[in-house]
Amino acid sequence: MTKLKGILLTQGMHGMISQVEGLAKALDIHFTHHKVELNNFWKIVPPKLTPVSQNVYKKINESDFDVIISCGRKSVIPSIHLKSISKKKVLNIHIQDPKVDFNHFDFIVAPEHDGISGTNVIKTKGAIHYLTENEIDENRSYLNSYIKKDNRKVWCLIMGGPTKYYDYSTKNMKHIFSIFYKLLKKHDFQLVVIPSMRTPLNTIHYAKEFFGENHTVIMNVDKKAYLSALAISENIVVTCDSSSMISEAALTGKPIYVANILPKRKDLRFQNFRNLFRELNITRNLGEEIENWNYQKLNETNRVAKIIKEKIRL
């Protein structure tokens, strides 16, 4: 049977790419990824006030597709428009709350902490993503040439980056790093610091300076290093700004600690997400007593794909 063709629409951010590509792979479709660019002042106009028109966004040069998977505010109108002008039946799936009439989409995939519901809404625990257990295991040995050759167990710190809610100031980073310093003295583990696309360069250099030569700081964005760290770490720490990477880490079944940053503004959605993961026994807060615990590995991407396949008989 010939595979369906899909186009993926995002603003190009890691979290969004991870979600659309993860779902596309789980649905087993051929796909191409397109970065959405809105024209002129449509960049700042909410989707619900934006016309469904080609004038809104830069043309996407792809006409033969069966599925559209979009994520993020800027991709809402392009997804609706491309479906409306297609000469064949197209399935469109939007990830996150589109902030428009849900009937524009066949499926909406949204985390429980978004608090939306509807007949075509599939709720998830955290974010779906593109990681698989096999991929993590295949990259297990990648960090062997980076980490120190001793008998210490490995922990990893996965860092996101500044948002409108969280500031990556030296003060905030020093607070997180200082908690690690106390833990290092007590538990004697080797720390591997993994940056993301959003991590400021000065934060990476500060981590290198703070932790010194006895630990490993990956200086560039490196997916294989990220996967390897997930595979070899006894405990995983993720900064609170990244629901996506906390969700990805939950695929391992390992203890996850959240490194909290005092928010600049009310971060209720993030709090709801973190509360849910704590209730599911997935996370603790960095700074709490160190312990080992187990939970059911979270693979929401495959669960969502299965629901969609059953409903449309893919």
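Biologist: Which residues does Ser75 touch, not counting residues up to four places away in sequence?
Modeller: Ser75 touches Leu9, Val36, Ser70 and His94, where contact means heavy atoms within 4.5 Å. This is a predicted model, where local features need pLDDT of at least 70, side-chain atom pairs count only at pLDDT 80 or more, and totals for chains, interfaces and linings use all residues. Residues are numbered from 1 along each chain as its sequence is written, and side-chain values use heavy atoms, with hydrogens and water left out.

Biologist: Is Ser75 buried or exposed?
Modeller: Ser75 counts as buried because its relative accessibility is 0%; buried means under 20% relative accessible area, with a 1.4 Å probe and protein chains only.

Biologist: And where is Ser75 placed?
Modeller: Ser75 is in the loop between β3 (67–71) and α2 (76–85). Helices here are DSSP runs of H or I with at least four residues, and strands are runs of E with at least two, numbered from the N terminus.

Biologist: Switching to β3, which of its residues are on each side?
Modeller: Val67, Ile69 and Cys71 are on one side, Ile68 and Ser70 on the other, and all are buried. In a regular strand the side chains alternate between the two faces of the sheet.

Biologist: Which strand pairs with β3 over five bridges?
Modeller: That's β4 (residues 91–95), in the parallel sense; pairing takes at least two DSSP bridges between the strands. Cys71 has Ile95 in β4 as its bridge partner.

Terms used. Buried means under 20% relative accessible area, exposed over 50%, partly exposed in between (1.4 Å probe, protein chains only).
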